[in-house]
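Hi,

Here is the structure I promised to pass on. Have a look at it first, and then read my notes below.

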Amino acid sequence: SQLIARRVRECGVFSELLPHHVGAEEVRRRRPKGLILSGGPASVYAEGAPALERELLELGIPVLGICYGMQLIALDQGGKVEGAEVGEYGRSTLTVSEPGRLLALKRYGALDTAREQNFDAITSIVCSVLDVPICAVTLLDETRQWFKSSVGLNCTETARDVAFCDHTIRGREVMLIEDATRDPRFVDNALVIGEPEIRSYAGAPLVTPDGYQLGALCAIDRKPRNFDAAQVAILERFSKLVVEQLELQTLAHNDFLTGALTRRAFTSAATAAVGQNRRDRTPAALLALDLDHFKRVNDSHGHGAGDEVLKAVADVCSASLRPGDLFGRLGGEEFAVLLPATAFADAARCAERLRSEIERLKLPYGTVTASFGLAMVEDYDAFDDWMEAADGALYRAKSEGRNRWVADERILRAA
């Protein structure tokens with residue numbers, strides 16, 4: 001354990017080795033940017049790791065990987081994870097966490113967003129430089145491969161189980177296929193025997209600074225061919241540019257003070273939820289919340305104290321939500337929560353849980369409370385109307401005494 005602690009400190013990335021008996025709540029209190037779980041033999045460690053990993057992910061703490069056996073962990077500035085030999089125990093293995101990868105994908109907030117010129121420029125240039133008819137920036141969630149940008153394709157997504165890029169994200173190097181009809185992994189693939197009739201493929205994984213492969217930048221041809229070393233190097237450089245663009249967007253998507261989504265990013269996600277409901281009637285709930293008497297904190301204790309309250313509220317709300325839920329700051333002390341695939345009863349329980357968690361916060365400035373308004377997406381055809389309904393319910397909560405949640409009038413009429 002001391003060897004591991006010393007090595008990870010030398011890498012300049014991880015600063016502390018936590019004992020196994022430290023629970024998830026204690027880990028959350030220390031607010032790490034990410035964890036690697038390590039332990040003894042896989043047969044022993046596997047008994048407790050999955051449950052702990054789920055608990056950490058529910059608290060919003062990325063699990064970068066799970067190490068089995070005796071292992072030193074090296075994580076360089078580019079996010080590369082390597083196992084190192086430790087005496088007679090030999091080389092250990094690290095299994096990259098798929099739940100952690102999905103959490104990282106969610107953090108970037110790029111899925112199901114509109115096409116953007118900066119990504120379209122990359123795919124267009126790659127097509128020209130590599131002389132291929134097809135290029136795409138792909139992101140992979142649990143079940144699908146979604147195209148953030150593409151040239152030469154007439155669809156926006158495919159199932160993940162037929163995606164060449166699903167194989168690409170399992171490694172760190174560019175994956176090359178000279179002729180898919182001669183590769184046993186793909187000879188019967190629907191994308192080979194049907195449109196777009198893939199024959200050759202080069203895919204560079206999109207690796208985040210913390211080591212997750214979100215998807216790939218891929219170049220595709222309809223005829224067998226080799227991609228030479230210079231072309232592979234070009235594809236790798238452009239894949240890094242894609243990740244840089246995602247990083248820049250993340251900075252723009254997250255509020256600097258609280259880490260919550262910005263108003264623009266939250267509105268984009270909620271608008272997508274409206275569209276999803278119109279397509280397949282998937283339910284979703286929207287909570288508007290506002291801190292009660294927040295001006296008193298600023299007036300009595302200063303804006304530094306107000307910032308501390310905002311961060312504490314954002315932390316407790318984020319920790320209380322599911323991995324798929326979204327928390328945004330709309331301005332000042334106004335926040336909102338998007339609860340995808342959530343029926344009214346569950347949304348009501350969430351509103352009450354958040355209200356209670358905020359009220360229980362221990363702060364030196366006295367008790368902090370919040371009022372909530374709840375509206376369901378199925379009652380509205382546009383985000384602006386949905387948000388206005390949640391705001392209306394919030395104002396009624398304020399007028400009825402604060403520190404409570406109130407449902408939209410359409411919900412009450414339907415009941």
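Are Asp299 and Lys295 buried or exposed? Both Asp299 and Lys295 are exposed, where exposed means over 50% relative accessible area, buried means under 20%, and partly exposed is in between (1.4 Å probe, protein chains only).

Before you go further, keep in mind that this is a predicted model: local features need pLDDT of at least 70, side-chain atom pairs count only at pLDDT 80 or more, and totals for chains, interfaces and linings use all residues. Residues are numbered from 1 along each chain as its sequence is written, and side-chain values use heavy atoms, with hydrogens and water left out.

**The overall picture**

The protein has 15 helices and 16 strands; these are DSSP runs numbered from the N terminus, with helices (H or I) of at least four residues and strands (E) of at least two. Of the 415 residues in the protein, 49% are buried. The protein exposes about 20,400 Å², and carbon and sulfur atoms supply 51% of that (areas come from the Shrake-Rupley method with a 1.4 Å probe; for residues, only the protein chains shown count as cover). If you take the contacts with a separation of 6 or more, 64% of them are between residues 24 or more positions apart; contact means heavy atoms within 4.5 Å.

**Salt bridges**

The count comes to 22 salt bridges, each being a side-chain nitrogen of Lys or Arg within 4 Å of a carboxyl oxygen of Asp or Glu. Back to our opening pair: Asp299 forms a salt bridge with Lys295, and their closest N and O atoms are 2.7 Å apart. They sit four residues apart in helix H11 (residues 294-301), so about one helical turn separates them.

Arg144 and Glu157 also meet through their side chains in a salt bridge (2.8 Å, N to O). This pair links distant parts of the chain, with Arg144 in strand E7 (residues 144-151) and Glu157 in strand E8 (residues 157-159), 13 residues apart. Arg144 counts as buried at 14% relative accessibility, while Glu157 is partly exposed at 36%.

Then try Arg322 and Asp325, whose side chains form a salt bridge (2.7 Å, N to O). Here Arg322 is partly exposed, with a relative accessible area of 38%, and Asp325 is buried at 5%. There is also a network of salt bridges linking Glu98, Arg101, Arg160, Asp166 and Arg170.

Leaving aside neighbours within four places in sequence, the residues in contact with Asp408 include Leu374, Asp379, Tyr380 and Arg396.

**One more loop**

Thr113 is in the loop between helix H5 (98-108) and helix H6 (117-130). Thr113 and Ala265 are 152 residues apart along the chain, yet their C-alpha atoms are separated by 9.9 Å. Beyond neighbours within four places in sequence, Thr113 is in contact with Trp146, Lys148 and Ser268.

Happy browsing!
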